[in-house]
Structures are given as structure tokens and as C-alpha cells.
Amino acid sequence: RPSVEASAPRAPCLRCTFPRGPRSALPREARAGAAPRWALGSKDGGIGHVISARKQQRAELQFSFWWRWLLLASYSQRSDVTLNSFLLLPNSRFLLSGNLHGGSVVASYPYDDSPTHKPTGVYSKSADDEVFKYLAKAYASHHPIMRTGKPNCPGEEGETFPEGITNGAQWYDVEGGMQDYNYVWADCFEITLELSCCKYPLTSELQQEWENNRESLLSFIEKVHIGVKGFVRDAVTKAGLENATIVVAGIAHNITAGKYGDYHRLLVPGTYNVTAVVMGYTPLTRENIEVKEGDATEVDFFLQPTVMAPAPNLTQLTATLAPASTIASTVVQAEAPSPTSLRQPIQPVDFRHHHFSDMEIFLRRYANEYPNITRLYSAGKSVELRELYVMEISDNPGVHEAGEPEFKYIGNMHGNEVVGRELLLNLIEYLCKNFGTDPEVTDLVRSTRIHIMPSMNPDGYEKSQEGDRGGTVGRNNSNNYDLNRNFPDQFFQVADPPQPETLAVMSWLKSYPFVLSANLHGGSLVVNYPYDDDEQGMAIYSKSPDDAVFQQLALSYSKENKKMYQGSPCKDMYPNEYFPHGITNGAQWYNVPGGMQDWNYLNTNCFEVTIELGCVKYPNAEELPKYWEQNRRSLLQFMKQVHRGVWGFVLDATDGRGILNATISVAEINHPVTTYKDGDYWRLLVQGTYKITASARGYNPVTKMVAVDSEGAVQVNFTLKRTDAKVEEGNVPVLNTPDTSDPNEKEFETLIKDLSAENGVERLLLSSSGKVSPYRYRPYKDLSEFLRGLYLNYPLITNLSSLGQSVEFRQIWSLEISNKPNQSEPEEPKIRFVAGIHGNAPVGTELLLTLAEFLCMNYKKNAAVTKLIDRTRIVIVPSLNPDGREIAQERGCTSKIGQTNAHGRDLDTDFTGNYSRYSGTQEPETKAMENLILKQDFSLSVALDGGSLLVTYPYDKPVQTVENKETLKHLASVYANNHPSMHLGQPGCPNKSDENIPGGVIRGSEWHSHLGSMKDFSVTFGHCPEITVYTSCCYFPSAGQLPGLWAEHRRSLLSMLVEVHKGVHGFVQDKSGKAISKAVIVLNEGLRVCTKEGGYFHVLLAPGLHNINAIADGYQQKHMQVLVRHDAPSSVFIVFDMENKIFGLPRELVVTVAGKVIASFKALSLVFQAGSF
């Protein structure tokens, strides 16, 4: 309710320095019947500003709920919160609501205003007046003050409300109130609850307010169950009838049923006649329904259709451009009558051109109707931010099944070449409707993971025109670049900047183990195969190493398309063009540098061809059924080719696990492929006998002779032995498998493996609760309050502490998240996230705050997050340079304001190095961070900065060699590979558009070399690997970009929580079982770590074979090797023997010689003593 408050303080309520209660918003003269005015001023008669309530323009939320006829005219004046609420209420099907206010103690119910808008005293009765009074009493009767009807608010001591309730308009008139909007437009019954005289009471009073309102809140919630409820269904099909109208006799307020015909109508106890009405059905009335106190009476309605629909004419449907929803319903009816129809494939009927919104609805519809075999996802966005939708079709959608090949179709790369787009939508319909009934489709879906992208260039499509035969309007994307000339090329430097669509598709192709693909185009009728260009740039045959395979793949498509196979497709347009058997080598036809099919072949395991589907690029809609008939067999036959050649697994001989990134080489074919995460691989080959070799780092290669048939694929598995198989005495390899006798350990190992799998972290995100996303930047005060809020709300898993103070005495906060915060747990890995070392790059700060909230919100809610927190110590330092952050400017993409601290020092040049150190000048922020790093108990550190889109690893200083380089680079790659575009290595930042960072990862000194960096200090003195993530090209992008940045980085951030559990976990003790702390563990004869309290150590290492030397005073040195896996921790258990050598000689010899020497000295001494006498 509006509040116009005077300045005079009121003694009883220290914070309430103005008149209490909503009615005090109206001056006394207004309550007496004068024109409604609001007075702003002092109570003692001081002059205030008087403003007509009707002309008030402030976005006061309660007054923003205007009636519907005013909404469109008033959009520019409504606040975002009000608009969001307006959109939410009708769509959420709320049944009961309470709107909590302060300023009095009363329950107010509709209506809040009257037709006369008299300021006060008019009872404005709603149709459900009895229900509203019942609901208001339910709250008031349990409130110790409200139920008395005498709030006794300061300044309103005489105000009374019988039974603690009031009609809103009778109290005073409020136009545009939210409770009335709920009732009139949203089927929701809402009352307004004034909870206390004091609007902002002292913290010490909150406990009493809770006690006053607890029972009332619970009692009010219980009332959501009163009245009558049930379903409205079709009497014939028993299907729920959405939006059925529920009419209660004598109450002029109807409600509507939900999506499934479900309804719930709040009513007070009594007897009612209730009618259900739906267009096309005979209304049905149920009389004398008894509603009792308590749970609702259940009443279902079964309505008879007024007209039975005739069987549809499929021929007519095919020729008619009907809406998708109409087609869907008629097709279902057509399928049902004849059992014999199940033996024939159901053909698509949805033949029309689908613009983006139509296509989007189509895809969502099939994803919704066939959830067991489909998954709709986006591979990225176009220039104009349209989604690049992909429909996955599989018997286990969302999961890569080990040994099952993955296939993709891409259409509409050129926006005006539309046949492929429509054929792929037809194919989706065909596969979905025939799965489970047609053997060919069922087998294909069960044995293949199929991905279909109908439109790679949705922006261009929207510009193209139906009837275009050979034009170019809409061909390119919105930046006017040809996407099929935009991929990195093996022969030429592509001059055009990489486009969002290109980058998104490249990222997509790197994310899935695609084996076979086709890119659907238009403008001719032929299958085109690699290479698309050659090094001379001439139109000559450019042969790939797999030329025979590509010819076979191309023929598998063209043979099923009679017109294509004839080879002379477009005689009226290109009379001299001829393609033998309907196929051609790309470069021989014409040279295409920067094409997608060549990039597929050269950069992934995927074989791709380009299929030209017709001479006309954008045919009229009535021709689309003909294209489906010509191509449907070809589309299916080409997909089956993914099951040709050889496939299998490459396994570790020690533990039987699959080996990731093992290489499969075929003799005399210079094109190796690599294994996926389970060690599975697929290698397309034509019929013949081949010499195939499997190899992997740290393993001995294995070669086999394999005969490949003309049909189907041959399974060939390889088992590789590690190169350390030759065991020498005193040099025993240690198994990498941890002790899994503890079921909890086994369960956690399984979790890490699951999260390391494809889309593992993505599935965690999808299953998480409490969706969080940053939407604004937090200055220091807000940041501090936010961290304090996390600590107070999640005290069992957080600890908030200060590492020190900045130059301007701001705290440098550190938040620990763990199941035992602030306790030593040396057996658990510890990870550090740091942001804000440069104050002008605050994106990292907001990402870490969001990460912290995400983890806290999901603890004990999401099993995976809970286990990660239970097994990890997470330390977050969100703002290392708070002083710089306070002066930095939003949208300052290149501004250096705030980069340094208050002394003008770049903190990332202020850390101690190996060089001579100036004394007494180190910055307080740097010193605080150094103290944290020098605890030497972190396994991994991730620093977030801004100004590009890449990851750097140590060292930032120029060095000749980098110890443990492979591991540092691997950790950086884990982050980059989980980011949708970072791993493509083309940040595309302004003034650096040609910058190319392979894999999105580079050594710091090779990018921007400098001394005194935090990551160098962490590695050198903290014995902790640290990577620096540059989150975006813009240092300080607008707040509107934060949700998108969180969506891009959240998977990468969570992947580091998974990665920190890998590497080598070890425990060192002597033969007596005594744990040995401070033992030195030397890895690969370079990197050194020390065991912690309890003898534990943990070090992250790149996947592969590593040497370990363990050294401790008084013990014999131990040497071993350990295999580190990409998806699981490796454990070693080191038991020291007592040192058996002294000065490099056997202990027994040294002791014997020493004994004799001592005896000789004693004898000689006696001789000297005797001589002196």
C-alpha cells in the first residue's frame, strides 16, 4: 500500500519515525471525504508537498497493477518487477496467495477499490466475498494481535477491525492493487496481510514477529486444500480438457481447468451446483455437491463431444498448409483404426516452409511428444541470437553409449537453400513416428545416436524468399559472410573473421564423437566429397587419404535418388554439367577454401560430405512432398553407413578400462582417428584387408590384421600393456587403482567418472535446484553483505574470514565451503578460486559469487554437489583488489581505470619472485594473498581475470623450461574444453581479431610476459599449480551480459572441482604403520611436493605414466611408476624401509669397520699412555 510519511519520530518504535499503517498514507481530510491526496511533510502541520493520487507517476509496485485495458498504454511506466509479476501470475496457475505488508495489523481482502473510488468507507464486495472473509479469518484468528481487531498502532490507536479483517475498499480505496488483479485475471485468491505497526522493526524484534505470525502462515497455507477439485475429461477418449470453464451456481466468478483438465475451486463449506463447460462438448452439471471443512471434495466431469470428427483425408492434409497442432491431431486419428498400418512406415504430412518460430514450435512439439527418444538442445546462437537447434534422436537421449556411433545432419548452412531444412524436419517426424513399429527405423535409432541441426543459418533463412531459383539473397549470415567459406583451411588463410555460427558448430563438433555427417545444400543435384580445395586453388581432383571411403559414402546416397544418380540434374540451368553416378570430388567441381566438410575430416574423427538436393534453392511449398519422396531412402541409407568399417575398444591391460585419445592408425592411409572416453572408436573403411595399429602414450602399441566385409562393421578390440611392464628389483610399479573396499570410496570414484564423462557436468547442472544467475555487479559493500549472507544462511558448510585489508582498509574476504569448514582435513584436496586481482575486470568476482551460492543452495539437495562439497575444501577469494574495483567503470571494455590498487600498483607484478626483492614496499593485498598461498595445502588454483577469452598456465616470467608443463597445460585445457567457444582458440577481441590461441590455452610468458605474477608465486613457493582464466574480451561488460557469461563459464568452473580429485593421491608410512609427514615426493625428476600431516599427499598430473621418487630422512628411497587416468583418481601407498646404507655403503660394512677403527684408536691410546710413563 502507498506510504506518504511525515518526519516526526514516534517513541514506541525506534525505526518507525513516521505515522503507522496504510491508512496514515491518507491525510485526515481525505478520510473525511475530501479529494484523495497524499501529503508529504511533518505531522505537526509543517508544509509538505501535496500530490494528486491520480497523477502520481512513481513506479510504486502496489499501484502498478492497472487493469488490462491500461496495461498496453502503461508499459513504459511500469517497473520491471510489476511486469514480471503480471506475466507470471496468469501462467503459473496459483490457487491461493498472501501479499505481506506492514504498517498495521489486519487481513485485507478484495475488492481494494470501488466504482466510485470514494477514499474510504465503501464496502466493495467481490463475487467470492464469503470465501475471502473465510481466508482472512483463517490468518487473523491465529495471530495474537490481529484477532483482537485492535492493532493500537501509534497515531491510529482508535482504529478497529472486527475479527482482525477488513474489506480493502472499506478501509480505503486502492486502485491497481495486486490482490484484485490476482482474483480477476489469474484465477488466484489473494489477500493482503498487514503484519505489524512498525514497517522496519529492530532485528531484536524479528523473533517475536515470527512467533506472532507462525501459526497464521501455516493455517493460511492449509486453506489451499478447501473447496472442490477434480478433472474435466473427454467421455470418449478420457483425455483431459484444457481450459474447461468451471461455473458455480450463484457465484459470478468462473475458473478454468489446467493443461490436463485439472481444476480446483476454493469454496467455503456448503452445498453447490457446479457445471463444466467446454466448446464442442455438452455442458455437464453436478448438483448438490457437499463441501465440508478441510480437504476439497473431489468431483470429476466426463463431457460428451457434440460432434464426432470424421476420419481425415490424408491426401488433403498433405496438400493443405495446416497449422502444426491441427496436423498432429489428425495424424494420430489416421494411424489408429487399422492394425495393418503399423506394418507400413508412417510418412510425414507436415510439408510447408517453417520460419524460425514455426520451426522452434515444431522441434519443441516433437521433443515433448517423444521424450523417450528425443532431446532438443542448442549448439549456440546466430548473429541475431537465434538458437542453432539440434534434435537428438536415440533410445537413450542425452547419453553417449560406449560403442555406439554418433551421426549428424546439418541443413540450411546457406540461408536461401531451404530444402535440406525441410527434409530434416520431415526426417525428425518420420523417425519419431515410426520408432517401435518400423524395424528399419527402430534398429537405426537403437544402434545410433543421431543429431539433426535443421538450420545452421537461421538469420539468412529469414531474409530469403520463396521461389528463389539461383539467387543469393539470404545466402550469407547477418554479417554477410558465407559460412561455408569461414572454417580454417588446410591450404589457405581464411581472411574473414570467424562467425558466431561457425564457432558454435566447431565447438559442437569438438564436443561429440561424430563419425559420419552430411551437410545439406541446394542449387544442384549431386553428392560432393573431400577435398573441397587444393593448394593451387585450381579446379582439379583433390584426393583425400580416404578417397575410396568417401566415394562409397557418396554413392550410398546418390544410388537411392534416381534423378541424382543419372548425373545430369539441371539441364535447363547448367546444360553442360555432368556428374557420373551423381557424385563429384569437391575441388574438381569448383574450389571452395574454408569449407566445413574438409574441416570435419581434418580436425575431428568425422567424415562429412556435402549433398546438393535440387536445382532450385527455395522451391514453392507445394513441391516439398516431391523432395521428401526423392530423398527419404537416401537419407536413411546414408545414416546406415556409420556402421561400416571397424569399431571397438582400446583397453588397459592392467585394469581393463578404456583408454582415452588412443590412436587408431591404418597402414597406407594417412588419417588416424582417436578413441573416446570409454576407449571406444569407429573407423570407416571399404571392403578389404587392413593392418590396423592401436597406440597410446605410456603403452606398447598393438597391431592386428583385419578383414572388412562389404556389409556391416567388424569389432576389433585392442588391449595395450603399459611400457613399464619390465619390472626390476626395487623398482616395482604401483597400481593406480585406489582401495575401493570402502563402498563410499567406490561411490565417489564412480561419481568422478560420471562427471568426467561427456555432458557429465551438464547433467549435474540440469539436475540442480535453485537456478542462480548473476544479474548485476556488486560494489564492495554489497559484496560483503552477500558473503555475510551466505555465511549466516549456510553456517554448517561455510566459513567467512578476512585475509587482510587493502590500502584503503577494505577487507579481502575469503569464503571456505566444506562440510567441515575451518578444520584441517589433509586427506581432502583443496582448491582455490581467486578473482579481482585487477579491479577493472570484475566478471570473475560475480562468477565466483554465483558459484558459491550455487554450491550452497544445492548442498543436501543435489547428490553430486553434496558429495563434492563433502570431499573438497573450496576457498573462494572473490575480490583481491577491492579498492580498484570501487573506481572501475561499467562498460569500460578497454579502460584501465581500477586495474591497479590504490597505490597505483599492478598486483599481478607484486608477488615475490626468484629475483632480487625490494624491501618494505610490498602491497598489503599481495601480502595477504601470499600468506594464504604459503600454507602450501592447495592442490589447484584458478584465477579469473578479463580482457580476452583464453587460459594461461605458468610461467608468466620468461623461462627456458617449465617443469610439469604437460600437467599445467592439461589443467588449462580442461577449463577451455568445457567452455563453449574458448577452446576454439579465436577470442575475436577488438583490435586482436586475428589472434589465434590453439586450444584456447597458452603459456603466460608466450602471451604477456611479466615478472611477479600470482601464478608463478603459487607454483614456485606454494607448490600449487595455478591457471589464469580470461573470462571475456571486455574488462567490464554491461551487467546484462552477466547471465550469459555465467552460462558459458559455469561448466568450466564446476569441471575444476571435479579435476581437483584426479591426479595422484598418496599416503606414506613406515613398516610400523607410522605416518611420515614432510617426506619429499619427486615427480618425473622435477616437481616436488611434501607429505602433509598424517602422511598424505596429493598432486595433479596429466593423464599418462609418471615416475615417483619418495625421499625421507632415515629411510630408503622409494621409486615407482603410476598411471594417471583422465576420469579417476590414482592412489599410491608408499611404505618406507629403514635406510640400509650409510655414506652409500652397506650398513653392516660401515658398522663393522667403524667398530674396528674405534677399537684400534683405543689400543693406540693405551700405547701412548704407557709411553708417557
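1. Residues 24 or more positions apart account for 72% of the protein's contacts with a separation of 6 or more, where contact means heavy atoms within 4.5 Å. Before going further: this is a predicted model, in which local features need pLDDT of at least 70 and side-chain atom pairs count only at pLDDT 80 or more, while totals for chains, interfaces and linings use all residues. Residues are numbered from 1 along each chain as its sequence is written, and side-chain values use heavy atoms, with hydrogens and water left out.

2. The overall tally, then. The secondary structure comes to 31 helices and 47 strands; these are DSSP runs (helices H or I, at least four residues; strands E, at least two), numbered from the N terminus. Of the 1173 residues, 53% count as buried. Here buried means under 20% relative accessible area, exposed means over 50%, and partly exposed lies in between (1.4 Å probe, protein chains only).

3. Have a look at the open sheet with strand order β3-β6-β4-β5, four strands with mixed pairing. Two strands are taken to pair if DSSP finds at least two bridges between them. β3 (96-101) and β5 (165-167) are the edge strands, each pairing on one side only. From one strand to the next, the twist averages 30°. β3 and β6 run parallel and are joined by six bridges; N99 has T192 as its bridge partner in β6.

4. Helix α4 lies across β3, β4 (104-109), β5 and β6, and runs at about 30° to β6. For angles like this one, axes are lines fitted to C-alpha atoms (for helices over the stretch in contact), and the values run from 0 to 180 degrees between N-to-C directions. E130 belongs to α4, residues 129-140, and is partly exposed at a relative accessible area of 48%.

5. On annotation: UniProt, in an unreviewed entry, places the feature "active site" at E194 and E612. Positions from UniProt are given in the numbering used here, feature names are shortened, and annotations may be inferred rather than shown by experiment. E194 is found in β6, residues 189-196, and is buried with a relative accessible area of 0%.

6. Helix α6 (residues 178-185) has six of its eight residues buried, so it is largely enclosed by the rest of the structure. The buried ones are M178, Q179, D180, Y181, N182 and Y183. Just after α6, D187 takes a positive phi of about 60°.

7. Now the helix pair. α14 (residues 500-511) packs against α18 (residues 596-603) at an angle of about 35°, with the axes 11 Å apart. V505, M506, L509 and K510 of α14 make the contact with M596, W599, N600 and N603 of α18. By class, that is five nonpolar, two polar and one charged residues, where Ala, Val, Leu, Ile, Met, Phe, Trp, Tyr, Cys and Pro count as nonpolar, Asp, Glu, Lys and Arg as charged, and the others, Gly among them, as polar.

8. Two hairpins are worth a glance. β15 (residues 374-381) and β16 (residues 387-393) run antiparallel and are joined by six bridges, with S378 opposite Y389 of β16. Five residues lie between these strands, and L385 takes a positive phi near 65° in this hairpin. β43 (residues 1104-1111) and β44 are antiparallel too, joined by seven bridges; A1110 has K1118 of β44 as its bridge partner. Here six residues separate the strands, and G1114 has a positive phi near 85°. β44 (residues 1118-1124) has five of its seven residues buried, so it is largely enclosed by the rest of the structure.

9. Some backbone spots to check by eye. The P110 to Y111 peptide bond is cis, with omega near -5°, and Y111 is found in the loop between β4 and α4. P530 and Y531 are also joined by a cis peptide bond, omega about -5°; Y531 is in the loop between β20 (524-529) and α15 (547-558).

10. Finally, two asparagines. N243 is not a glycine, yet has a positive phi of about 65°; it lies in the loop between β7 (228-234) and β8 (245-248) and is partly exposed at 48% relative accessibility. N480 likewise has a positive phi of about 65°. N480 lies in the loop between α13 (458-463) and α14, and is exposed with a relative accessible area of 57%.
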